Amino acid sequence: MEECIINTPLGFTKITGDLDGINSVTVLNTEEKTTDIIPEILEDCVMQLNEYFEGSRKQFSLKLNPQGTDFQKKVWKQLEKIPYGKTLSYLEISKLLGDSKAIRAVANANGKNPLWIIIPCHRVIGSDGRLTGYAGGLHRKQWLLNHESPFKQLSFFLRSLIVQNFIIFSFNIKLM
C-alpha cells in the first residue's frame, strides 16, 4: 500500500492506494509534512485533485478500490452519479436505491465514505436543504459546495438580493 500527504485548500490530505486502485482520500485535521516524492501509483490521483481545486476538473477518472460493506459500496456508487454542482438529499438517494426508509443507513454509509471529494458525499444534504453531518466538518462541506456552485463568483449579498428579488417577483406574478 502506497501513501502520500498533500496540501489542499481545505487542509492536509492523505491518499492511499495500490495496483487495485485508490483506497482512501482523507482530509486531516492536523498539519502534516507533505510527501516530497509522490508514489507513481498515486500521481494521477494527486493531479486530478489539484485540477479539481483549480476548477478545471469536474469529474474524476480514477481506478477506485474503497473498502466497505456491499450496502456502503452501493451507496457510494450512487453518490458518484451526483453531478458536479448539484446536490441530492439522503431521502432522494434512498429512493434511488429502492428503499425510501433507508435514510439512516444511507446517511451512515455516506459518513463512512473513504474517498473524500472523489466520491462526492459533500453533495448530499438534508431534505430541507440544510447542510447536515460531514466527516470533514461542515465548513469544508460548505466550501466544496460553494466551489462547485455556478454562482460562486457572486458575493453573498448579491446572491441574497437575487433570491429576494426572485421571491418578490414570483409573489407579484401570483397576485396579477
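This is a predicted model: local features need pLDDT of at least 70, side-chain atom pairs count only at pLDDT 80 or more; totals for chains, interfaces and linings use all residues.
1. Helix H1 covers residues 40-54 and has 15 residues. From its first C-alpha to its last it reaches 22 Å, which is close to the 21 Å expected at 1.5 Å a residue.

2. The buried residues of H1 include Leu 42, Cys 45, Val 46, Gln 48, Leu 49, Tyr 52 and Phe 53. Seen down the axis of H1, they fall within an arc of 165°, so they line one face of the helix.

3. The face of H1 turned away from the buried side carries Glu 40 and Glu 54, both exposed. The buried residues of H1 pack against strands E1 (2-8), E2 (11-18) and E3 (21-27), and against H5. Gly 55 follows H1 and has a positive phi, near 95°.

4. Helix H2 (residues 70-80) has as its buried residues Gln 72, Val 75, Trp 76, Gln 78 and Leu 79. Viewed down the axis of H2, these fall within an arc of 155°, so they line one face of the helix. Asp 70 and Lys 77, on the other side of H2, are exposed.

5. The packing partners of the buried residues of H2 are helix H3 (90-96), helix H4 (103-111) and strand E5 (124-125).

6. Leaving aside neighbours within four places in sequence, Glu 148 is in contact with Tyr 52, Tyr 84, Gly 85, His 122 and Arg 123.

Methods. Residues are numbered from 1 along each chain as its sequence is written. Side-chain values use heavy atoms; hydrogens and water are left out. Buried means under 20% relative accessible area, exposed over 50%, partly exposed in between (1.4 Å probe, protein chains only). Helices (H or I, at least four residues) and strands (E, at least two) are DSSP runs, numbered from the N terminus. The arc is that of the directions from the helix axis to the C-beta atoms. Contact means heavy atoms within 4.5 Å. The expected span of a helix is 1.5 Å times one less than its number of residues.
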